[in-house]
Amino acid sequence: MTKNDPILCVKNLRTELALSSGAIEVVRGVSFSVNKGETLGIVGESGSGKSMTALSIMRVLPRPIGRIAGGSIRLDGRDLVQLTESEMTRIRGREIGMILQDPHTSLNPVYTIGNQVIEALQINQQRGGLLEKAISLLKKVNVADAARRVHAFPHQMSGGMKQRVVGAISIAGAPKVIIADEPTTALDVTIQLQYLELLEQIQQETGTAIVFITHDLGIVARLCHRLVVMYAGRIVEEGTVDDVFNAPSHPYTVALLNSVPHVDRKVDRLYAIKGNPPALHEIGTGCSFAPRCPLADTRCKTVSPPTVPGKNHGQGHFAACWKTGEMA
Amino acid sequence: MLTFLFKRTLYALISLLVITLIVFSLSHLSGNPLDALLPDDATPQQIEQVTRHLGLDRPIWVQYLTFLQNAAMGDFGDSLKWKGQTAAEVVWERLPATLQLGGLALLISIVVALPLGVMAAVYKNTALDAVATVIALLGQSLPAFWLGLVLMWIFAVMLGWFPTSGYGGLSHMILPAVAMAWFQVAALTRLTRSAMLEVLDAEYIKLARVKGVRERRVVWKHAFRNAAIVPVTYFGVLAGSLLTGSVVIETVFNWPGTGWLAITAIQGRDFPVVQTVVLFFAVLFLLANLIVDILYALIDPRIRNT
Amino acid sequence: MKLTRIAGVSLAVLLGTTVLTSAQTITVAMSPPSVETNRYWNTPGDFNLGPAMQGLVGHDPVTGMYDNSGLAESWSHNDDFTEWTFTLHEGAEFHFGYGPVTAADVVHSHTLHTGEDSTLIGVAQLKDVAVEALDERTVKFTLPRPQIDFLFAHGGRGSLVIYSKAQYDAEGLEGYDTRPAGTGEFQFVARNIGQGLTFERVENHWSGRDAEVERLVLRFIGEPATALATLLSREADMAVLPRELQPDAINAGFEAIGSSNAANQTAMLFNGTFLTEGDDKLDPTLPWLDIRIREAINRAIDREAVIDVLYDGRASILPVFGMDPRHEGYREDLAEMFEEYYGYDPERAMALMAEAGYPQDFENPVIPILSSNLAGNPEFPTMAELMQVFLDEVGFQTEIVELDWAGLGALRRAREARLFHPMRNMPVKPSAVGIGNYYASSGRPNVNYEDPVIEELNTLYAASTDPQEREELAGRIFQQAFEQYAVAPLASLSAEIMVNPETVAGWTFPGVTSAGISHFNLIEPQ
Amino acid sequence: MSRRALRRLPLVPILLLFLVLIIPAFLATWIAPHDPYISNLRARLQPPVGFGGSWDYPLGTDRLGRCMLSRILHGAKYALGISMVGIAIGAILGTALGLISGYLRGWVDVIIMRLVDITFALPSILLALALAAISGPSLGLVVLVVVFVIWGFFARQVRAETLSLRERDFVARARVAGASGGRIVLRYILPNIMNTIIVLATLQIGVVIILEATLSFLGIGIPRPAPAWGLLVADGRQLIVSNWWISLFPGLAILLTVLSVNLIGDWLRDWLDPKLRQA
């Protein structure tokens, strides 16, 4: 297993939501890849399309309005977009796991923890001694007193504990990729750290790739190897954590980094950037960030920007901007 | 949990006591049993004689206390109309017929409405959803007696598939049960659909999907059990409506149950039987609601553990 | 495996319904009786055990006259009609082996019928009567006052039905409740509450005439549309239907069989017309206390239309409510004068109203018309609306008051039913009974009209035992009622039953019971 | 959101409702071709146009020769009147008690909720029959039954919302500012549950019209000769085979009214208060 084999390869992904006012594209041609054992961060404000990207990969877009309009999602060479629903069901949980944002709502309130973990085990063809396996899985994600907790209901546990259980469920099938959609947002700061450590630990033990979706650059810095920055359904910058943090090559990334004075602090909104992200049905032909961009000129507003190498020409560092060259 | 149930039971008993008072006073206000029992040409002597015979000459509160005391022992007095039987016997004999019919109607409601509501939610905005909506709306827009008669004419008289009316086996029960259930199907489908819609948006449904649970299992295991709270709440109301509905449907289909009995007893001013029927209905309703409370606790551990 | 069993069960259930209606069973759909019990004395008199149980006196199926087809072979009375002696048929016997019918059974039955819990209509005729068994087959009734119409108490609409003393001694009343032994051509099989009664033919009946139908099912159905459905779906071979539903059955190929005599009279009563001086229940503001108003109302009614609307055209105009050619005091001349006195004449009605000063001189000019449901007379609510139509047309102020029949009963019992309300009368009732029911204080409290002239005549009539004199007195009472417009008589009609000609060839019944039908032994199956 | 919902205004149901219920209720006197009470005995049981009838009586006549169309048009008054009056009283009563119950809590709450339980537990139809036996059927009785049947739904729903609203900041702030209980309930809580009440009231219209029909079937509805729809259907049901129009057309009027009222109610609910979906 070499670090540079891409396990998940998303190409030109486009996702639409059919609203009553008409269809809008929420993911507009996103491409990236994740290597085995790698952690990729996807960063962006709410509405940037990062969660929709995750849901597209899992193919669990909101029904009946969401659909993948184009592109491919190759997992280990198989294009998930082409799979039937039942084939996809066999992929989920076994080959890609997912951790959702809010542990308080992502466990089913009417079933015990054990029931939900065991269900995940069953899906992955585990037979016999399921309770014991569930307990050991819970132990693996550091759930204290797992033998007792396995019979508990979600409402009897703390948020951190619940998110650990969700983690346990996501690794029950030893997936090749885990998508973590802002898994720590709903947790207290101290618990957050513990949880991130847990993810690292899991990755070390299993060698799984992680796609970590967040708007918290601090976490990215701490956890990820590479990151992509999304804005209005597009990737505006991509590169290793070091390259992007040291030489941000898109004005939006710069603004993001500026809005975080201390790398360890999370912020909910990027107050430092004036204005709001555009409503997706109002996007024109040019760069979507142009209306808020201090560097924008007429070309930015009318012509879609090209993808150019990052400022320091680090390997795999790109930005989608007319002005990268002009940035100091 | 036990305290919860205890409190519920206590409330139910208090309600029941108030109900006995209401029932007793109403039935006594509603006229004299003589009015129906005596022939058109009754003589004064005959009237007096029957009055004394029935104990109607005692003060009303004495009659109530006697009634309450006896009722507590399961004795509701003798039927005035069905001679030789106590009111409890009269009602008890008709109860199975009502429970059979009501049970079948309940079964039809559940078997039709729950899947229909669930599917309508899962396939929201599709043709199936539209069909479910139409069924639901039609059911709530037709008086049951009319629906019953129309069903009788189409399926019994014109097609001859079922007997028109009367007491009997399953074939006798289908038309009245369908007529009775339709309104409930309508209500229940709507409730189930909207509850499911809400639940299907929940994060735990997303989690179930992403962990690879098959769609059918997502719907029935993960979503339905959570949505079930809403239809279960409705079962309490449903039990009451089915009993009330039995009054009309049993009349149309000549089904000798308690609903039919109640009408006959009121027309005949048979107090003891009227009282017993109403109390039976009330007790069944309160029981149904107790069961609903228990079901709640079974479905939702959050209630169970508080 | 499991599936086939379920299918088998439901198939059996489905078949179960068809097996019952084999060729030899005749099913009759009819209104449920007001009280479902095997104890006749606990009913107001609508007897549904007719196929199995008998009184002492029978009726000729064609003329409806009393005959000895009941349990008594013959009878006689003393000169002043205070002692009646009946001789029972030899060989008459109860079903289920309870032995011969004896005088002791008559005494026993009389005791049952006159007990404290008796609610029977006309049971007053049997009260204070001494019944004595003279020998096995002879029984004597000794009455406190003369009773010329005493046979009525024993006939088809009568008050005394003979139960077996032997059964009572062995099983008590419970025996009657489970399986009463009767004496008729059919014997009791089962009573299903709310559903009906099943009877089967008695083989070698003591009377020497066996019923033709093997099995008879009376099916009680309250909803007329449902009754029609059972007939059209051929679940029932016969159905008693409201007249307005009969065309539906006729169009579908069914036929109507009518009673050989009129079985029903209908009228609208001016209740509360208590004209005897000083009556404490008289409401002086009642608009119809003025005879001109009573005549005007009668003149406003188009009886031909009534018969068309309510009775599908098959009824005749009734001259005097309570009067019938079969009974004392029938006055042909009144029938002939009917057109002159009661003929439809809106102008005359309006003239009368003007003459009476209606409405301005009336404190309370509104005519309250009762709409009520009475089993057996489903046309009453329509009748009320029809009356309103007629009265509105000539300018009366009207309102419809809804009340169930028991509610009306309460008011009548209190003599406070100040309503223009529908009523029915069984013409099988002797004139004296009818007069007591409607026109004379002797029938209190349920009387609707009283006046001093009739009171006087009725006192004489009640005391008289001379047939000639009685005939005349009754006639004069009817004349007074006629001339005073004491009620608004409407129609006289026979009982009709719709039959399926494929299964029923014919039936003759005289129309002498509440439901109108009797003599089930004479049903001729195809 | 709300503008989009407005654009999805259920035009067809609203149009139907006006056509079947509202316009006839107010204008029947002018648009009905005949007097609904005057009968023409020579034109009894006339079939409707297209089934052998004439344009004199477009929907045929009943057994007394009264124009069915006119009766149905005039019947709209009763349907609308009973629903409006009954629901208004039921809603006001239920809301008041629900507010008191939810705001005061404690034993008042227990008692009021027991009252709700009791009204739900008592078979309303049987009570109505018993009451009708006392005084005979009347318009007042029908309204009483309607109120009896529906007030509990309002009380329960209003109580539940009051319970949650009284914990909200703005109510707490008002309380701290010294507002009296009555003022808090009327000024702060009631306006916030008006939507709920409006939606519930709309959805009850269908219930009331069906209830009226059921009472008429049992002979205890609106007294004749009023051409109330329920009474027309109940009266015509016997003639369902040969004179089907007597019950079919009023039945259709009920069907269309209840159908459109429900559709409008659903839409109102989505528009005003999506939370109410479970009500």
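Trainee: What distance separates the centres of domain 1 of chain C and domain 2 of chain C?
Mentor: The model is a predicted one, and in it the two centres, taken over C-alpha atoms, are separated by 32 Å.

Trainee: Which residues does the assignment give to each domain of chain C?
Mentor: Domain 1 consists of 2–254 + 500–525, and domain 2 consists of 262–493.

Trainee: How many residues does each domain of chain C bring to the contact?
Mentor: Domain 1 of chain C contributes 23 residues and domain 2 of chain C contributes 18 residues. On the side of domain 1 that touches domain 2, nine residues are nonpolar, nine are polar and five are charged.

Trainee: How many residues of chain C are in contact with chain D?
Mentor: On chain C there are 24 residues, in contact with 18 residues of chain D.

Trainee: Which elements of chain C give two or more residues to that side?
Mentor: They are α4 (224–232), α5 (246–251), α7 (303–311), α10 (380–394) and β16 (397–402) of chain C. The largest share comes from α10(C), with six residues. By class, the side of chain C that touches chain D has 13 nonpolar, six polar and five charged residues.

Trainee: What is the secondary structure of chain D?
Mentor: Chain D has 10 helices and zero strands. Its C-alpha trace spans about 75 × 50 × 30 Å along the principal axes.

Trainee: What percentage of chain D counts as buried?
Mentor: Of its 279 residues, 56% count as buried. Regarding contacts in chain D with a separation of 6 or more, 72% are between residues 24 or more positions apart.

Trainee: Now the core: how many residues are in the largest nonpolar one?
Mentor: The largest nonpolar core has 440 residues, and A:V117, B:V277, C:A239 and D:L129 have the most contacts inside it. Helix α8 (residues 170–200) of chain B supplies the largest share of this core, 18 residues.

Trainee: Which residues does C:A239 touch?
Mentor: Leaving aside residues up to four places away in sequence, C:A239 touches C:A29, C:A227, C:L228, C:T230, C:L231, C:I497 and C:M498.

Trainee: Where does UniProt place the transmembrane regions of chain B?
Mentor: The unreviewed UniProt entry annotates residues 9–29, 101–123, 144–163, 169–188, 227–253 and 273–299 of chain B as "transmembrane region".

Trainee: What does the model show over residues 101–123 and over residues 169–188 of chain B?
Mentor: Over residues 101–123 of chain B the chain is 96% helix and 0% strand, with end C-alpha atoms 32 Å apart. Over residues 169–188 of chain B the figures are 95% helix and 0% strand, with end C-alpha atoms 26 Å apart.

Trainee: Last topic, the sheet in chain A: what is the strand order?
Mentor: Four strands form an open, antiparallel sheet in the order β2-β1-β4-β5. Strands β2 (22–35) and β5 (78–79) of chain A stand at the edges with a single partner strand each, so one side of each has no neighbour in the sheet.

Trainee: How many bridges join β4 to β5(A)?
Mentor: Two bridges join strand β4 (residues 66–75) of chain A to β5(A), and the two strands run antiparallel. A:L75 stands opposite A:R78 in β5(A).

Conventions: Residues are numbered from 1 along each chain as its sequence is written. Chains are lettered from A and ligands numbered from 1 in the order in which they are written. This is a predicted model: local features need pLDDT of at least 70, side-chain atom pairs count only at pLDDT 80 or more; totals for chains, interfaces and linings use all residues. A nonpolar core is a set of buried Ala, Val, Leu, Ile, Met, Phe, Trp, Tyr and Cys residues joined through C-beta atoms within 7 Å. A residue is buried if 20 or more other C-beta atoms lie within 10 Å of its own, exposed if 12 or fewer, and partly exposed in between; C-beta atoms are placed from the backbone. Two residues are in contact if their C-beta atoms, placed from the backbone, lie within 7 Å. UniProt positions are given in the numbering used here, feature names are shortened, and annotations may be inferred rather than shown by experiment. Ala, Val, Leu, Ile, Met, Phe, Trp, Tyr, Cys and Pro count as nonpolar, Asp, Glu, Lys and Arg as charged, and the others, Gly among them, as polar. Domain bounds come from an automatic or database domain assignment. Two strands pair if DSSP finds at least two bridges between them.
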